[in-house]
Amino acid sequence: MELNEAKLNELLGKVVTEMGAAANGPLILLGDKLGLFKSLAVSGPMNSTELADETNTAERYVREWLSAQAASGYVSYDATTNSFSMTPEQAAVFGDAESPVFMTGAFYAITSVYNDAPKMEKAFKSGEGVAWGDHSTCLFCGTEKFFSPSYENNLVNHWIPSLDGVDAKLKNGAKVADIGCGHAASTIIMAKAYPKSTFIGYDYHAKSIEHARESAAAAGLDNISFEVALAKDFPGSDYDFIAFFDCLHDMGDPVGACAHVKKALKPDGTCMIVEPFANDSLEENLNPVGRAFYAFSTTLCTPCSLNQEVGLALGAQAGEKRLREVATSAGFTRFRRATETPFNLILEARA
């Protein structure tokens with residue numbers, strides 16, 4: 001078959017771009033851990049010597065690091081002054097941990113994907129799953145670091161107010177469960193915002209629950225607790241509000257989990273399902289956001305579900321239609337998209 005040279009060059013150009021992105025991933029982690037991005041965002045423009053002095057790092061390494069970031073478009077370079085700086089947009093993505101679009105957490109999780117590649121090779125051959133807790137520990141901190149900025153900026157300000165009557169209940173004092181809470185970024189944000197309400201975080205990963213307890217204690221919160229439990233049999237009843245944050249698709253039996261949630265809710269209670277943004281068909285998801293989520297889904301979400309009972313394996317691009325089927329199969333009769341972001345669907349299910 002004869003090659004089309006123009007198409008070949010286009011593809012090779014894309015692959016070279018991807019090579020550079022993959023090779024730069026560890027440098028993004030270094031920039032975050034060593035404070036290089038943050039210092040440049042706050043104190044720039046700076047040359048490599050100035051940045052190295054401010055961050056107590058070696059100039060020669062910093063010079064090469066800055067060159068890689070400038071070539072990536074992640075920092076800006078001024079050839080007339082031989083200095084580097086960050087635009088407000090670059091700082092929002094890499095230099096400001098409080099920004100709603102702070103993205104470095106994803107690269108911590110990507111480290112886990114590479115470390116765990118041998119496990120995935122075995123899974124591809126056997127068809128068996130890989131438990132969430134069996135991944136490299138950088139996955140857990142990366143997940144927290146990636147999702148926290150979005151939760152901080154959206155959960156209390158936009159997502160909960162988009163639900164019917166939930167904000168008022170939480171302000172007056174309600175009983176809340178956060179299912180699959182992980183390191184509890186979402187639980188802690190809600191507990192701080194609604195001091196009259198009581199929050200319980202459940203997760204089947206014991207080490208995540210240990211971390212969650214430590215974080216809640218450090219925050220000085222007394223309206224929050226955590227327990228190791230499965231989504232299908234967590235204890236308690238008469239909850240006013242129960243939430244799943246970016247985890248329902250990871251569960252082996254999401255229908256069973258939703259059915260248990262319905263039983264645990266008060267008759268007028270609400271379940272909020274936060275899921276990765278996706279349209280309902282593959283062709284609609286063939287875009288940069290879908291690409292990233294399909295990749296994570298292949299190595300993290302799908303194997304996690306396949307490792308559990310039922311193993312429905314919804315994947316991280318399930319879409320609203322499929323999630324509606326899960327919720328209604330579990331017994332919920334009212335289901336709607338309450339709001340959305342470029343990265344998340346916020347869905348409301350009620351009895």
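In the predicted model, the side chains of Asp32 and Lys145 are joined by a salt bridge, with an N to O distance of 3.4 Å. This distance falls inside the cut-off of 4 Å applied to such pairs. Two salt bridges are found across the interface of domain 1 and domain 2. Polar contacts across the interface of domain 1 and domain 2 involve three residue pairs, with both residues of each at pLDDT 80 or more. On the side of domain 1 that touches domain 2, two or more residues come from each of helix H1 (5–33) and helix H5 (88–95). Helix H1 makes the greatest contribution to that side, with seven residues. By class, the residues of domain 1 that touch domain 2 comprise five nonpolar, one polar and three charged.

The domain assignment places residues 5–95 of the protein chain in domain 1 and residues 104–350 in domain 2. Nine residues of domain 1 and seven residues of domain 2 take part in the contact. A distance of 33 Å separates the C-alpha centres of domain 1 and domain 2. The area buried between domain 1 and domain 2 is about 700 Å², of which 60% lies on carbon and sulfur atoms. Within domain 1, the most area is lost to domain 2 by Ile28, Leu29 and Asp32, which together account for 55% of what that side buries. Asp32 is also the residue whose side chain meets that of Lys145 in the salt bridge described above.

Under the rule used, the salt bridges number 18. Glu64 and Arg60 are four residues apart in helix H4 (residues 59–72), so about one helical turn separates them. In general, side chains of opposite charge can pair when their charged atoms come close.

Two backbone features were noted in loops. The peptide bond from Gly44 to Pro45 is cis, its omega being near 5°. Pro45 is located in the loop between helix H2 (36–43) and helix H3 (48–55). Asn82, although not a glycine, has a positive phi of about 55°. The loop that holds Asn82 runs between strand E1 (76–78) and strand E2 (83–85).

The unreviewed UniProt entry lists residues 171–285 as "domain: Methyltransferase". Over residues 171–285, helix makes up 30% of the chain and strand 30%. The C-alpha atoms at the ends of this stretch are 37 Å apart.

Key. Residues are numbered from 1 along each chain as its sequence is written. This is a predicted model: local features need pLDDT of at least 70, side-chain atom pairs count only at pLDDT 80 or more; totals for chains, interfaces and linings use all residues. Side-chain values use heavy atoms; hydrogens and water are left out. Domain bounds come from an automatic or database domain assignment. Contact means heavy atoms within 4.5 Å. Buried area is the accessible area (1.4 Å probe) that two parts lose on being put together, summed over both. A polar contact is a pair of N or O atoms within 3.5 Å; within protein, one must be able to donate a hydrogen and the other to accept it, and residues adjacent in sequence count only if both atoms are side-chain atoms. Ala, Val, Leu, Ile, Met, Phe, Trp, Tyr, Cys and Pro count as nonpolar, Asp, Glu, Lys and Arg as charged, and the others, Gly among them, as polar. UniProt positions are given in the numbering used here, feature names are shortened, and annotations may be inferred rather than shown by experiment.
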